[in-house]
Amino acid sequence: MKKININDIYQFKSKHKKFAAITAYDATFANLFFSHGIKVILIGDSLGMTVQGHCSTIPVKMEDMIYHTKCVRRGAPYCFLIADLPFMSYFNVKDALKNASKLMQSGANMVKLEGGDKILEIVHQLNINSIPVCGHIGLTPQSINMYGSYKIQGKKKSEIKRLINEATLLEKSGVKLLVLECIVQNLSKVITEKLKIPTIGIGSGSSTDGQILVMHDILGITCGKIPSFAKNFLLNNSGIPEAIELYVQEVENKHFPHAQHSFN
Ligand code: KIV
């Protein structure tokens with residue numbers, strides 16, 4: 001079987017084929033997701049909440065990310081894996097290089113960093129040292145204490161300008177993929193059309209090249225309410241395999257996300 005690589009993801013964009021990604025944190029789910037059509041998996045620092053029971057991603061440590069990246073790689077040897085660099089693990093170039101190499105050696109194909117301007121030099125240095133980077137702008141959960149609460153991004157003129165600028169600069173610095181989280185859908189459309197690199201949206205409407213959801217939201221097993229931009233695909237299905245297949249199908253056929261999962 002062929003391993004999915006970055007060129008396959010670029011082909012999705014050039015062929016206008018939407019793709020579905022999902023978070024995973026262990027080998028069993030990673031294997032099941034791959035067996036039912038998922039090609040891109042994120043080992044997200046959302047594991048701080050979904051696995052560890054914290055209120056945010058802030059407490060997640062490098063050793064947690066290394067452990068879960070290794071677990072997912074064992075379960076999904078053919079998937080394209082993106083692993084999150086956790087809070088404060090990339091605050092300077094030296095730490096970013098050291099920590100990103102640990103994730104790559106644990107089986108990641110790419111690392112994900114949150115932020116705009118302040119990470120441009122770090123992105124450049126990772127890139128020239130053969131570590132591909134996925135950017136993440138819009139709602140960046142590692143900055144939750146700066147926002148106060150999880151809010152939709154890109155409503156104000158100043159935010160629109162800043163987000164377009166950040167996306168453009170990140171692409172110029174060498175980012176290979178870009179996650180757009182909770183960005184109003186018209187703006188995520190503008191950013192997706194402006195960039196050559198593929199965008200992956202979560203709560204950012206249907207125009208992004210790919211979609212990503214946290215696995216617990218797709219399966220409706222989140223404590224409390226699932227976010228309004230997510231969908232419980234298990235609800236009307238007989239099992240997890242069918243729910244995952246439906247998620248992949250709905251993304252590829254542009255049925256998900258629907259207007260009710262997006263923000264205007
Ligand atoms: O950590 C995570 O799961 C993420 C997604 C929400 C994109 O960053």
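Let's start at Asp45: a polar atom in the side chain of Asp45 lies 3.1 Å from an oxygen atom of the ligand. That counts as a polar contact, defined as a pair of N or O atoms within 3.5 Å; within protein, one must be able to donate a hydrogen and the other to accept it, and residues adjacent in sequence count only if both atoms are side-chain atoms. Lys112 also has a polar side-chain atom by a ligand oxygen, at 2.8 Å. For Ser46, an N or O atom of the side chain is 2.6 Å from an oxygen atom of the ligand. How much of the ligand's own accessible area does the protein cover? Of 260 Å², the protein covers 96% (areas by the Shrake-Rupley method with a 1.4 Å probe).

A quick word on the model. It is predicted, so to speak of local features we need pLDDT of at least 70, and side-chain atom pairs count only at pLDDT 80 or more, while totals for chains, interfaces and linings use all residues. Residues are numbered from 1 along each chain as its sequence is written, and side-chain values use heavy atoms, with hydrogens and water left out.

Now, who else surrounds the ligand? Among them are Thr23, Leu42, Asp84, His136 and Glu181. The shell divides into three nonpolar, four polar and four charged residues (Ala, Val, Leu, Ile, Met, Phe, Trp, Tyr, Cys and Pro count as nonpolar, Asp, Glu, Lys and Arg as charged, and the others, Gly among them, as polar).

Let's zoom out. The protein chain has eleven helices and eight strands (DSSP runs: H or I of at least four residues for helices, E of at least two for strands, numbered from the N terminus). Along its principal axes, the C-alpha trace spans about 50 × 40 × 40 Å.

His16 is in the loop between helix H1 (6-14) and strand S1 (19-23). What is the phi of His16 near? Its value is near 55°, which is positive in a residue other than glycine. Then look at the segment after helix H11 (240-252), where Pro257 is found. The peptide bond from Phe256 to Pro257 is cis, with omega near 0°.

Definitions and conventions:
A residue is near a molecule or strand if one of its heavy atoms lies within 4 Å of it.
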